[in-house]
Amino acid sequence: MMTASTRAHVFSIFARRIHAAFKLTALFFFLFCIGCATTNYKATPAAPNLPENARVIVMPLDVQLFELTAGGLQEPRADWTAAAETHVQTALESFLAQRKDTVVRYEPLQDNPEKARMNQQLMKLHEAVGNSIMIHTYFPGFNLPTKKDQFDWTLGGGIQRINERYGAHCALFIFIRDSYASAGRKAAMVLGALAGVSISGGFQTGFASLVDLQTGNILWFGRLFRQAGDLRTPEPAYEAVSQLLVGIPL
Amino acid sequence: MTFKSSCIWILALCLTCLSCASTQVQDIQPGEKPALESDEAGLWMVMDDIEANLKTSGRVEHDPELNDYVKKILCKLQPNYCDDIRFVIVQTPHFNASMAPNGFMQIWTGLMLRAQNEAQLAYVLGHEIGHYQRRHSLIQWRTIRDTSSALIFLQLVAAGAGVGYAGSIAQMVAMAGIFAYSRDMEREADDIGFEIIADAGYDFHEAANIWEALIEERDAADQPDQFILFASHPTTGERVNAMRKMADQLESQGRAGHPYQREYLDATRPFRAKWLKNELRKRDFAASQVVLKHLLSTGDNPGELHFYQGELYRMRAKQGDHEKAIASYQQALRCEQYPPAALRSLGLLFWKTGKVEAAKDSFKNYLNLHPDAPDYEMIKSYIEEIQ
């Protein structure tokens with residue numbers, strides 16, 4: 001209301017949200033810089049047990065693209081995001097078409113509020129679990145003592161309900177956040193280099209999970225984590241998807 | 001020209017830009033959606049995502065009747081924007097509401113507990129509608145983006161010129177600019193809220209009244225710093241005066257309106273116990289006392305209100321509070337309706353103060369009145385323990 005410090009409040013929402021997404025990027029970037037080489041994917045021993053012609057549900061993509069402003073803010077870009085959604089979807093379908101598996105696209109039931117609600121909860125859950133995996137399995141300093149070397153993450157058995165209409169074996173979730181330096185940011189980077197100050201550019205980060213639809217267990221997990229790539233055009237988007245899906249047991 | 005002197009020239013130029021940055025923005029029209037390639041569409045995209053996530057949150061008040069009631073007020077206030085504005089009622093015991101650029105509004109239950117009639121809630125909703133119509137979020141985003149971008153160049157250039165301190169001075173100037181901008185937008189939204197409720201037939205004096213009650217609460221509060229909204233909002237005394245003046249002016253023109261208190265109390269009564277319970281959990285008893293006082297003055301469902309008055313005293317537990325709590329519970333029991341928990345709390349306090357027979361009676365009455373109580377066995381064991 002007036003309160004609301006609406007301004008302040010809405011901006012704190014933006015800031016929090018954009019922050020939440022990019023706090024991780026910043027953290028990863030820091031860790032990236034101090035150097036930690038790991039493979040980009042993780043898999044459970046159960047992963048190879050999928051049948052020859054597995055049926056896979058591709059969940060709605062969670063992709064957002066941002067422009068890095070000169071001052072270092074992440075400005076959300078709806079046009080780039082719309083383009084990226086198309087390119088990533090196309091790339092994903094042609095990547096999976098080379099496999100023997102049957103791929104079905106998940107269509108949320110908009111006419112059923114309860115199902116739509118559950119779908120949204122699952123997407124939120126995947127984001128939360130995926131972010132935890134990113135932190136706690138890729139960086140030695142953040143390993144969880146109780147997990148040791150096991151990779152036993154799960155979304156829980158509640159996921160069975162999305163399978164009612166599909167009769168599939170597993171579901172593929174994808175989450176990507178990507179940013180690109182604006183012209184102003186590039187100028188600041190050049191000027192910074194002259195002044196002896198290091199100013200960072202855009203960053204591509206994301207993860208994909210292949211989830212067992214009986215147990216909710218994450219069978220395989222792949223990640224993107226680099227200062228490269230471009231989802232705004234088809235070929236680099238295909239390259240990014242291939243990088244993300246390295247080692248997927250399909 | 002040397003590198004250093006070039007830097008000083010650029011620095012001067014940047015400072016000039018910083019002070020003249022302004023954006024002309026048109027009001028948003030009913031049904032209007034931003035062009036996909038605009039910065040505004042980006043803000044909408046992020047907020048649409050937040051909206052979808054928040055709507056499935058466990059903290060949201062989903063009751064259809066309450067939501068329909070608020071929706072009806074919104075549509076009455078601005079029929080043309082009725083389809084453009086969505087909202088959720090979020091269970092948070094603080095006074096607040098907020099509007100996102102895509103028309104998604106958050107209304108906190110702390111606000112709904114404090115509003116004393118429909119006109120007061122309508123005024124806050126009207127204020128938020130004002131932010132939406134005027135695209136305040138977009139303007140603010142651009143201000144922050146452009147200021148921070150100007151600043152980074154300024155800081156780099158200042159570093160190059162060897163006058164590093166210029167960067168931090170500029171930062172202070174820029175931050176002050178952002179907050180002043182924000183206060184101007186709050187004033188504008190206040191004025192819009194006022195006009196909207198007056199046009200919709202609400203009692204426009206309530207605009208000043210809700211502010212006044214909030215000031216009263218802040219001045220009483222144990223933790224006045226928690227009233228975050230005062231930081232970015234115009235000095236509140238100034239706003240009360242502005243709203244009073246506008247109201248007097250309308251009244252002198254023969255205009256009048258209705259507070260719709262009965263409607264408001266009917267719509268919120270079923271939720272009040274839950275909201276009061278959350279309010280007391282803040283443990284800022286002096287502030288909550290002001291809220292309770294205003295609620296008691298409505299005379300609505302007094303049994304419940306006296307019970308929570310007792311709870312406030314019992315939880316605060318200062319010298320003499322136990323006696324005051326007992327008196328409040330007893331007052332609740334004299335009302336036509338009261339929460340059975342009043343008997344349980346009374347029993348606990350009697351027991352604590354050594355009046356074991358009275359405690360036993362209260363517990364027994366509680367169990368008789370509330371045979372399905374989740375703590376039935378626990379209270380039964382108390383009775384046995386007393387015997």
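## Confidence in the model

Residues 1–19 of chain A keep a pLDDT under 50, where pLDDT is the predictor's confidence in each residue, from 0 to 100. For this stretch the model has 52 contacts beyond four places in sequence; two residues are in contact if their C-beta atoms, placed from the backbone, lie within 7 Å. The pLDDT is also below 50 over residues 33–37 of chain A, a stretch with 3 contacts in the model beyond near neighbours in sequence. Chain A as a whole averages a pLDDT of 83, and 84% of its residues score at least 70.

The structure is a predicted model, in which local features need pLDDT of at least 70 and side-chain atom pairs count only at pLDDT 80 or more, while totals for chains, interfaces and linings use all residues. Residues are numbered from 1 along each chain as its sequence is written, and chains are lettered from A and ligands numbered from 1 in the order in which they are written.

## Chain A: overall composition

Chain A has 5 helices and 8 strands; helices (H or I, at least four residues) and strands (E, at least two) are DSSP runs, numbered from the N terminus. Along the sequence, these elements follow the pattern α-β-β-β-β-α-β-α-β-α-β-β-α.

Of the 250 residues of chain A, 42% count as buried. A residue is buried if 20 or more other C-beta atoms lie within 10 Å of its own, exposed if 12 or fewer, and partly exposed in between, with C-beta atoms placed from the backbone. Among contacts in chain A between residues at least 6 apart in sequence, 76% join residues at least 24 apart.

## Chain A: strand S6 and its partners

Strand S6 (residues 170–181) of chain A is mostly covered, as 11 of its 12 residues are buried. Two strands pair if DSSP finds at least two bridges between them. Strand S2 (residues 55–58) of chain A pairs with S6(A) in the parallel sense over 3 bridges, and Ile57(A) has Ala171(A) as its bridge partner in S6(A). Strand S3 (residues 62–68) of chain A is likewise parallel to S6(A), over 7 bridges; here Phe66(A) stands opposite Ser179(A).

Strand S7 (residues 204–212) of chain A runs antiparallel to S6(A), and 9 bridges join the two. Within this pairing, Leu172(A) stands opposite Leu210(A) in S7(A).

## Chain A: Leu125 in helix H3

Leu125(A) belongs to helix H3 (residues 113–138) of chain A. Leu125(A) counts as partly exposed because 16 other C-beta atoms lie within 10 Å. Between Leu125(A) and Ile57(A) there are 17 Å in space, C-alpha to C-alpha, and the two are 68 residues apart in sequence.

## Chain B: composition and sheet

The secondary structure of chain B comes to 17 helices and 3 strands. Buried residues make up 41% of its 387 residues. Of the contacts in chain B with a separation of 6 or more, 68% are between residues 24 or more positions apart.

The 3 strands form an open sheet of mixed pairing, in the order S1-S3-S2. Strand S1 (86–90) and strand S2 (97–99) of chain B are the edge strands, each pairing on one side only. S2(B) and strand S3 (residues 104–108) of chain B are antiparallel over 3 bridges, and Ala97(B) has Ile107(B) as its bridge partner in S3(B). Helix H5 (residues 118–133) of chain B packs on the sheet and touches S2 and S3 of chain B.

## Chain B: two domains

Chain B is divided into domain 1 (3–252) and domain 2 (271–386); these bounds come from an automatic or database domain assignment. In the contact between them, 17 residues of domain 1 of chain B meet 16 residues of domain 2 of chain B. On the domain 1 side, helix H4 (109–114) and helix H8 (206–220) of chain B each supply at least two residues. H4(B) gives the most to this side, with 5 residues.

## Chain B: two loop residues with positive phi

Most residues other than glycine have a negative phi. Tyr260(B), although not a glycine, has a positive phi of about 50°. Tyr260(B) lies in the loop between helix H10 (236–252) and helix H11 (261–281) of chain B, and is buried because 20 other C-beta atoms lie within 10 Å.

Asn301(B), also not a glycine, has a positive phi of about 50°. Its place is in the loop between helix H12 (285–298) and helix H13 (302–316) of chain B. Asn301(B) counts as buried, with 20 C-beta neighbours inside 10 Å.

Methods: Axes fitted to C-alpha atoms, helices over the stretch in contact; angles between N-to-C directions.
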